[in-house]
Amino acid sequence: MRRYLIAISALLTLLSSCGGNKTNNTDDVADSLEVRDTVAADSLTEEISEMPMPKAADELFDDFIFNFAANKRLQMERIKFPLPNINGEKKEMLTKDKWKMEYFFMRQGYYTLLFDNEQHMESVKDTGISHAVVEKIYFNTHSVIQYVFDRPRGAWMLMSINTIPIAKSSNASFLQFYHQFVTDPQFQQESLGSTVHFVGPDPDDDFSMMEGIITPDTWEAFAPELPSKMIYNIIYGEAKKETNSKLFVLRGIANGQELEMTFKRKDGKWLLTKLAT
């Protein structure tokens, strides 16, 4: 991989691939992310719904959840009814006739994940995991809806739904930071490391990657579009205590695109240290 400092001209050349700075209009950013690749995602959903889920899909939670979110018949088979739906002191037992198809992120064309570090990302490939939680994180209500899955007898099943405040999330500190980071341009600028390591495609060579350094004064050319109203997360295995590093990942469902942002917490303050596209 070629290594060199990114000049201003290179920053501008790569602007189109990085999305440009849209933090001044976060509602429009969220809306654009909602509709981006929706047609392709709907097509993928239709394809999956017409195919029986292979037995091997129960080995990896990622394989299962994509089938679960796209196949209504499979979804109904893989929910343990009556399903506990718990929100604070309120508990409701959902029966089959009350259940509405849950598409999760399939209709928006992308999804997001939070990891402690790059090594933690390997948990996605762990076939030994038998517990997982899909989280819908709503910043407007400061709440997290958790869909809890277990794998009894080798088959993934939705076992319960829990709603908790963001403040009680295992990622509470980072989530509170993230929301301000994507909605407050000044705060975002102040939350950059003195230098941000960049890794991305070489604009002069489709088969090569380039590395470089982004400084705060050139950040605007690289600042990506990020969702601000609601994000997803998947906890693979049991939730761990929040650490001082966090990897925010945004993945396209139908287009193979991926964005990774590495944050470090220093003296209680989260800072962006790396951007990979």
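**Exercise 1.** Which residue stands opposite leucine 272 in S13?

*Solution.* The model is predicted: local features need pLDDT of at least 70 and side-chain atom pairs count only at pLDDT 80 or more, while totals for chains, interfaces and linings use all residues. Residues are numbered from 1 along each chain as its sequence is written, and side-chain values use heavy atoms, with hydrogens and water left out.

Step 1. Strands are DSSP runs of E with at least two residues, and helices are runs of H or I with at least four, numbered from the N terminus. Strand S12 (residues 258-266) pairs with S13 in the antiparallel sense over seven bridges; pairing requires at least two DSSP bridges between two strands.

Step 2. Phenylalanine 263 is the residue opposite leucine 272.

Step 3. Two residues separate S12 and S13 in a hairpin, and aspartate 267 in the turn has a positive phi of about 55 degrees.

**Exercise 2.** Find the parallel partner of S13 and state how covered S13 is.

*Solution.* Step 1. Strand S8 (residues 192-202) runs parallel to S13, joined by four bridges. Leucine 192 has leucine 272 as its bridge partner in S13.

Step 1. In S13 (residues 269-276), six of the eight residues are buried, meaning under 20% relative accessible area with a 1.4 Å probe, protein chains only (exposed is over 50%, partly exposed in between).
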